[in-house]
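We will go from stop to stop, selecting as we go.

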Amino acid sequence: MEDTYLTLAHNSEGLYKEKGSKFLAFAFPVANEEKIKSHLETLRKQYYDARHHCYAYILGKNKDSYRANDDGEPNHSAGDPILGQIRSNNLTNTLIVVIRYFGGTKLGVGGLISAYKIAAAEAITNNKIIEEIVKNKVKLQFEYLAMNDVMRLVKDMDLEIQNQHFDNTCLIELLVRESMLEEFINKIEDLGQVNIID
């Protein structure tokens with residue numbers, strides 16, 4: 001089962017100039033739409049005097065959530081070329097915003113497509129593409145006596161502990177790699193005295 005995806009390692013920038021127009025590109029790794037909104041708002045405040053804030057993003061391991069926005073540029077001349085760069089690098093959970101300062105000379109649709117594409121590509125080039133693993137959050141509840149069995153399983157499967165609370169009844173929150181989830185659940189059921197809770 002494929003449980004990895006490519007995304008950006010950190011925020012990065014790119015710059016492209018054409019006939020006096022400046023295209024500032026910003027690339028971000030993002031996990032959800034709230035993050036996207038927050039980046040867009042920050043850039044709008046910071047570059048409030050720019051004419052166009054065009055962007056595109058793709059979210060999700062299966063890349064099923066995506067959007068391209070031309071922000072006043074001719075249809076498909078800005079958002080789509082930016083989206084094309086995210087796609088051609090096989091990225092997801094990625095947002096790229098290209099902010100244009102108009103330089104007085106019109107570039108035409110072809111010129112715009114090329115400029116937005118190059119600016120977006122520049123922001124990706126100035127970043128690092130990394131492989132991320134899809135992990136599911138699982139909460140376990142168990143009696144203190146089962147602690148050793150649970151901890152052995154965590155160690156054997158090399159699981160990441162997010163949260164833990166040990167008392168008479170213990171709670172532990174783990175990140176389990178998606179492709180190992182079924183095996184993990186089977187092992188938990190074999191232990192008998194451990195429950196998976198929502």
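**Before you start**

This is a predicted model: local features need pLDDT of at least 70, side-chain atom pairs count only at pLDDT 80 or more, and totals for chains, interfaces and linings use all residues. Residues are numbered from 1 along each chain as its sequence is written, and side-chain values use heavy atoms, with hydrogens and water left out.

Helices (H or I, at least four residues) and strands (E, at least two) are DSSP runs, numbered from the N terminus. Two strands pair if DSSP finds at least two bridges between them.

**Stop 1: the five-stranded sheet**

Select β2, β3, β6, β4 and β5. In that order, these five strands form an open sheet with antiparallel pairing. Its edge strands are β2 (12-18) and β5 (65-69), and each pairs on one side only. From one strand to the next, the twist averages 15°. Axes are lines fitted to C-alpha atoms, for helices over the stretch in contact, and angles run from 0 to 180 degrees between N-to-C directions.

Zoom in on β2 and β3. Seven bridges join these antiparallel strands. Find G14: its bridge partner in β3 is A25. Now look at the turn. β2 and β3 form a hairpin with two residues between them. K19 in that turn has a positive phi of about 45°.

Strand β4 (residues 52-59) pairs with β5 in the antiparallel sense over five bridges. A56 has A68 in β5 as its bridge partner.

**Stop 2: helices on that sheet**

Select residues 33-46. This is helix α1, which packs on the sheet and touches β3 (21-29), β4, β5 and β6 (94-101). Contact here means heavy atoms within 4.5 Å. The direction of α1 makes about 165° with that of β4. Next, select residues 79-88, helix α2. It lies across β4, β5 and β6, at about 35° to β4.

**Stop 3: the four-stranded sheet**

Select β9, β10, β8 and β11. In that order, the four strands form an open sheet, again with antiparallel pairing. β9 (160-165) and β11 (194-197) are the edge strands, each pairing on one side only. The twist averages 25° from one strand to the next.

Five bridges link β9 and strand β10 (residues 169-177), in the antiparallel sense. Pick N163: its bridge partner in β10 is E173. Helix α5 packs on this sheet, touching β8 (135-143), β10 and β11. The direction of α5 makes about 5° with that of β8.

**Stop 4: two helices together**

Select helix α4 (residues 147-156) along with α5. How are α4 and α5 placed? They pack at an angle of about 160°, with their axes 11 Å apart. They are therefore roughly antiparallel (an angle over 145 degrees).

Show side chains. D149, V150 and L153 in α4 meet F184, K187, I188 and L191 in α5. By class, this contact has five nonpolar, no polar and two charged residues. Ala, Val, Leu, Ile, Met, Phe, Trp, Tyr, Cys and Pro count as nonpolar, Asp, Glu, Lys and Arg as charged, and the others, Gly among them, as polar.

**Last stop: L191**

L191 sits in helix α5 (residues 181-191). Leaving out residues up to four places away in sequence, L191 touches D149, V150 and L153. L191 and L153 are 38 residues apart along the chain, and their C-alpha atoms are separated by 9.7 Å. Why does L191 count as partly exposed? Because its relative accessibility is 24%, and partly exposed lies between buried (under 20% relative accessible area) and exposed (over 50%), with a 1.4 Å probe and protein chains only.

Methods. Parallel < 35°, antiparallel > 145°, perpendicular 65-115°, else oblique.
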